[in-house]
Amino acid sequence: MISAFEYVKVLIFIILGLGITQILTAIADLIHESKRMNAYWPHVLWVLIVLILHVQEWWIIYDLKNYAPWRLQTFLFIMVYPIKLFVLARLLFPFGIQEGMIGLKVFHQENYRKIFFSLLAWLS
């Protein structure tokens, strides 16, 4: 029989895994399109920070293994942060096939306010 923690951690880890997958897939796509991509170091820094936040949350969730009174409200409260991280990971990259150059500088300048304020609002 599995413990309550083992039961609830599965969905949390799936969502965190999807966020990490989103970031790594987008990085691989950009590497694949390196001939058409202009990298921009502030954007790369955002990507690394969000990736580290995903891994950190994955690590921290394990500390809840000894938490005993699992209730739906507790689970939903804990689920909020991984969901926010996933949405933030999705906001970091342009989506869809684009023609011509993929300018991360232009994308960053057009979207950094949305990303930054999402980070501030969601992670606080």
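1. Helix axes here are lines fitted to C-alpha atoms over the stretch in contact, and angles run from 0 to 180 degrees between N-to-C directions. Helices (H or I, at least four residues) and strands (E, at least two) are DSSP runs, numbered from the N terminus.

2. The model is predicted: local features need pLDDT of at least 70 and side-chain atom pairs count only at pLDDT 80 or more, while totals for chains, interfaces and linings use all residues. Residues are numbered from 1 along each chain as its sequence is written, and side-chain values use heavy atoms, with hydrogens and water left out.

3. The protein chain contains four helices and two strands, in the order α-β-α-α-β-α along the sequence. Of its 124 residues, 33% are buried (under 20% relative accessible area; exposed is over 50%, partly exposed in between; 1.4 Å probe, protein chains only).

4. Helix α1 (residues 4–32) packs with helix α3 (residues 72–91) at about 10°, the axes being 8 Å apart. The two are therefore roughly parallel (angles under 35 degrees; over 145 is roughly antiparallel, 65 to 115 roughly perpendicular, the rest oblique).

5. Contact means heavy atoms within 4.5 Å. On the α1 side the contact with α3 includes Val8, Leu11, Ile12 and Ile15; on the α3 side it includes Phe75, Ile78, Met79 and Pro82. By class, this contact has 15 nonpolar, two polar and one charged residues (Ala, Val, Leu, Ile, Met, Phe, Trp, Tyr, Cys and Pro are nonpolar, Asp, Glu, Lys and Arg charged, and the others, Gly among them, polar).

6. Histidine 54 lies in helix α2 (residues 41–61) and is buried, at 0% relative accessibility. Leaving aside residues up to four places away in sequence, histidine 54 touches Leu16, Gly19, Ile20, Ile23, Leu85, Phe86 and Ala89.

7. Rings of Phe, Tyr and Trp (its six-membered ring) pair if their centres lie within 6.5 Å; planes under 30 degrees apart are stacked, over 60 edge-to-face, and the rest tilted. The count is three aromatic pairs. One of them, phenylalanine 5 with tyrosine 62, is edge-to-face, at 6.3 Å centre to centre and 70° between the planes. Phenylalanine 5 is in helix α1 and tyrosine 62 in the loop between α2 and α3, 57 residues apart. Phenylalanine 5 is buried at 4%, whereas tyrosine 62 is partly exposed at 44%.

8. Tyrosine 67 and tryptophan 70 have ring centres 5.3 Å apart and planes at 85°, so this pair is also edge-to-face. Tyrosine 67 is partly exposed at 35% relative accessibility; tryptophan 70 is buried at 14%.
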